[in-house]
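Reader: Hi! Could you walk me through this one?
Author: Happy to, let's look together.

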Amino acid sequence: MRVLVVEDDPMIATDVCEALDGAGFLTESCAEGNDASFRGDTEDYDLVILDLGLPGLDGLSILKQWRAAGRAMPVLILTARGAWSERVEGIEAGADDYLPKPFRMEELIARARALVRRASGHGSAIHDHGDLRLDGNRMSLSLRGKTLNLTGLEYRLVAYLIHHRGRTIPVTELLEHLYGDDESREANAIEAIITRLRRKLGSGYIVNRRGFGYELRGAPE
Ligand code: CA
C-alpha cells in the first residue's frame with residue numbers, strides 16, 4: 001500500500017512515516033505544496049495523508065485540484081485542533097477523513113487502514129440504508145428483502161451513493177467512478193441511470209441537489 005505523506009513539519013513527517021512503515025505501508029514523504037500536487041497528479045497512491053498548512057501551495061487547494069482532475073485516491077487531512085471550519089472545508093474539498101493535531105499514531109494507523117480498505121472495496125460487505133440492503137459480496141441490492149434486478153452501472157452508482165451517504169456527490173465524481181478516464185462520458189448518462197434507479201427503488205432515496213449533485217436520503221414515510 002503506497003502512501004504519500006504531505007507534511008512540512010519534519011518531526012511529524014518522520015513520526016508518521018515511521019508509524020505507517022511499521023504498519024506495513026510503503027511511505028513517501030513530501031514537504032512542499034507544489035511538489036505534493038504534482039506527485040498526486042502523476043503517481044498512483046493508495047492513500048494520501050495531507051497537512052493543510054504547507055509552503056508553496058496549501059493542502060485545501062491541492063485537494064481541490066486533485067478532485068477537479070478526477071484523482072480519486074483516499075485523502076486523510078491533518079487539521080489544527082478545534083479548527084472545525086478546516087474540517088468542513090476539507091470534507092467539501094473532497095477529503096475522506098480528517099484527524100486533528102496532535103493525534104496518536106495508533107489512531108492514524110487505524111484511520112489509514114479503514115480508508116484503504118474502504119477504497120479497495122473490502123470494508124464491511126453489508127450496508128443497510130432504510131429498507132435498502134447492499135451486499136458487497138454478492139454485488140446485489142435488495143429492497144425490503146427482495147433482490148432488485150440492477151444493471152452493473154446501476155449497482156455501482158447506488159453502491160457509491162450508499163458508501164458516501166451523508167454527502168452530496170458531484171456528477172463529475174459519479175462519472176469518474178462509473179467510467180474512469182473514458183473521455184466520452186457525459187453528465188446526462190448519470191441522469192438516465194438515476195431515473196432508472198428511482199423507478200426500481202422508489203423516488204425518495206436519491207435526491208438531486210441542483211448545481212451540487214446527488215445524495216442519498218431516507219425514503220419518505
Ligand atoms: Ca504544516
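Reader: How do strands β10 and β11 pair?
Author: Strand β10 (residues 206–209) and strand β11 (residues 213–216) run antiparallel and share four bridges. Pairing here asks for at least two DSSP bridges between two strands, and a strand is a DSSP run of E with at least two residues, a helix a run of H or I with at least four, each numbered from the N terminus. This is a predicted model, where local features need pLDDT of at least 70, side-chain atom pairs count only at pLDDT 80 or more, and totals for chains, interfaces and linings use all residues. Residues are numbered from 1 along each chain as its sequence is written, and side-chain values use heavy atoms, without hydrogens and water.

Reader: Which residue stands opposite G213?
Author: That's R209. Three residues sit between the strands of this hairpin, where G211 has a positive phi near 85°.

Reader: New topic: what are the protein donors of the calcium ion?
Author: D8 (OD), D51 (OD) and G53 (O), at 2.1 to 2.4 Å from the ion. Donors are N, O and S atoms within 2.8 Å of the metal (3.2 Å for Na, K and Ca); water is not among the atoms, so sites may look incomplete.

Reader: Where do D8 and D51 lie?
Author: D8 is in the loop between β1 (2–6) and α1 (10–22) and D51 is in strand β3 (residues 47–51), so the pair ties together parts 43 residues apart in sequence.

Reader: Is D51 buried or exposed?
Author: Buried, at 6% relative accessibility. Buried means under 20% relative accessible area, exposed over 50%, and partly exposed in between (1.4 Å probe, protein chains only). D8 is partly exposed at 34%.
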